[in-house]
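Trainee: Could you take me closely through one part of this model, the pairing of charged side chains, and set it in its surroundings?

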Amino acid sequence: MSEQHKFRYLLQPGSNFAFVSKFRAWMIGSILLMAASIGALFVNKAVRGDYMNWTIDFKGGTEIIYSFKDKATGEYVAVEPAKVRAAFAGANEHGVELNDISYTESTPKGDVTVKGLMVRSPRFSSTTQAQQDKAREDFLAKFNDREVGKATWSGERMYVRSQKAITNAEAQAVFAANALELKAWSEKERDQYAHPDEGTGEYNTVFSVYGLDRQYGTLLEKSLGNVQAQAVQSYGVGAKAGAKLRDDAVKALIYAIFLIMLYLAFRFDVRYAPGAAFATIHDAVMVIGVFAVTWTEVSLVSVAGLLTVIGFSVNDTVVVFDRIRENQSKLKDKKIERIIDISINEMLVRSVLTSLTVFSITLLMNLFGTGVVRNFAFAMNVGVIVGVYSSIFLAAPLFLWISKKWYSGPAKVRAIPASVAISEKSTSDEV
């Protein structure tokens, strides 16, 4: 006699959990959590100044492409993104994103493939408001004897009006003390700023500091050692473009939910569509709520993760709905509540194992990944949990409520043929 192999089960076959009896409590709890998630957005707006921690994708900033050369040989080299991230973190530069970029550069030795980095920063300027205020105070104190009448910042330039001339070399030390590097004047600028205005007799001088590309380049050179960082290209991303991307992301979510409802209405029945739509909205709101509470950065990759979560959740919901529909045709003698309980129990192990597999992989990505990879994985970690929950405790209850309210009731009265009715009446008269 062959010995039967004993399998280890996550859940023993033939489970009989009573899901339907707990539907009301789970539904109320879910609505409260959704309300809390939406409330977290308004709390962030009041406390932090914005609903969510938007990245450059949505609120604008600066994109800079860097190439790197060995200072000793002058040859192009590749740098490790991890070291660059550590350099920015050490300088308290938050919200900086890195992307690898490659392009071909013509050199005296021929075409060379350059492996650079695209640095995306939420900052628009190399100077902060605090730096500008401190530099202005130090400047006025330093040149008090020059009778400075005005010193105002505009972008990365400070405009100065004084009764006596102030040279770029004299001002350089003041700006350097505030971690700002002055640009050298051109020959034309030196001649212009050396003479007073003919009408007012005042000296109108402009002091310009280097932009964010130079500031970041200097930071990287100090951190990376024997490497020269060259800014190949630098440009700003306007807030309007970011706002449009944000609006497009919201539209994508709305379109996805609408098309899911349309698909389920044709694939199954109109009764199934509202439950799946509500479960999808619940998943999206919960993921957004967790991002808001933890103040995690929200980028286009986060939106991609959110759309992936919606797809995962709908897939799980469709599997549950398909089993319910199948059991409705097989178990016609049972009530709809019992059919739903049986269907969910039959699909429970499958849903848990599938979700656990996806969750494990994305958890590893979240723990050991960096940058946008971690951002995507975090959205998936949260989404897998709420997705499997909503398929069982939200989609099915709404389907049950719609079925009992509009698709149940007394059976229709059958039409009795006239001949049978007359025969029955005659029999009763004889009696």
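Mentor: What follows looks at the salt bridges and then at some of the elements around them. Please keep in mind that this is a predicted model, and that the values below are computed from it.

Side chains of opposite charge can pair when their charged atoms come close. In the pair formed by R120 and E97, the side chains meet with an N to O distance of 2.8 Å. This pair links distant parts of the chain, since R120 sits in strand β4 (residues 110-121) and E97 in strand β3 (residues 97-107), 23 residues apart. Both R120 and E97 are buried, each falling under 20% relative accessible area.

The bridge between K134 and D138, whose closest N and O atoms are 2.9 Å apart, has another setting. K134 and D138 both belong to helix α4 and are separated by four residues, about one turn of the helix. K134 has a relative accessible area of 40% and is therefore partly exposed, and D138, at 24% relative accessibility, also counts as partly exposed.

Helix α4 (residues 129-142) in turn packs with helix α5 (residues 168-176), their axes lying 9 Å apart at an angle of about 140°. Because angles count as roughly antiparallel when over 145 degrees, α4 and α5 are described as oblique to each other. The crossing in which α4 passes α5 is right-handed.

A further bridge joins the side chains of R214 and E181, at 2.7 Å from N to O. R214 lies in helix α7 (residues 212-224) and E181 in the loop between α5 and α6 (187-193), so this pair ties together parts that are 33 residues apart in sequence. R214 counts as partly exposed because its relative accessibility is 34%, and E181 is likewise partly exposed, with a relative accessible area of 34%.

Beyond these pairs, R323, E326, K330 and E346 are linked in a network of salt bridges.

F266 lies in helix α8 (residues 239-267), and F266 counts as exposed because its relative accessibility is 71%.

Note on methods
Residues numbered from 1 in each chain as written. Predicted model: local features only at pLDDT ≥ 70, side-chain atom pairs only at ≥ 80, totals over all residues. Heavy atoms only, no water. Helix = DSSP H or I, 4+ residues; strand = E, 2+ residues; numbered from the N terminus. Buried < 20%, exposed > 50% of the residue type's maximum accessible area, 1.4 Å probe, protein only. Axes fitted to C-alpha atoms, helices over the stretch in contact; angles between N-to-C directions. Parallel < 35°, antiparallel > 145°, perpendicular 65-115°, else oblique. Left-handed = near helix turned anticlockwise from the far one by under 90°. Salt bridge = Lys/Arg side-chain N within 4 Å of Asp/Glu carboxyl O.
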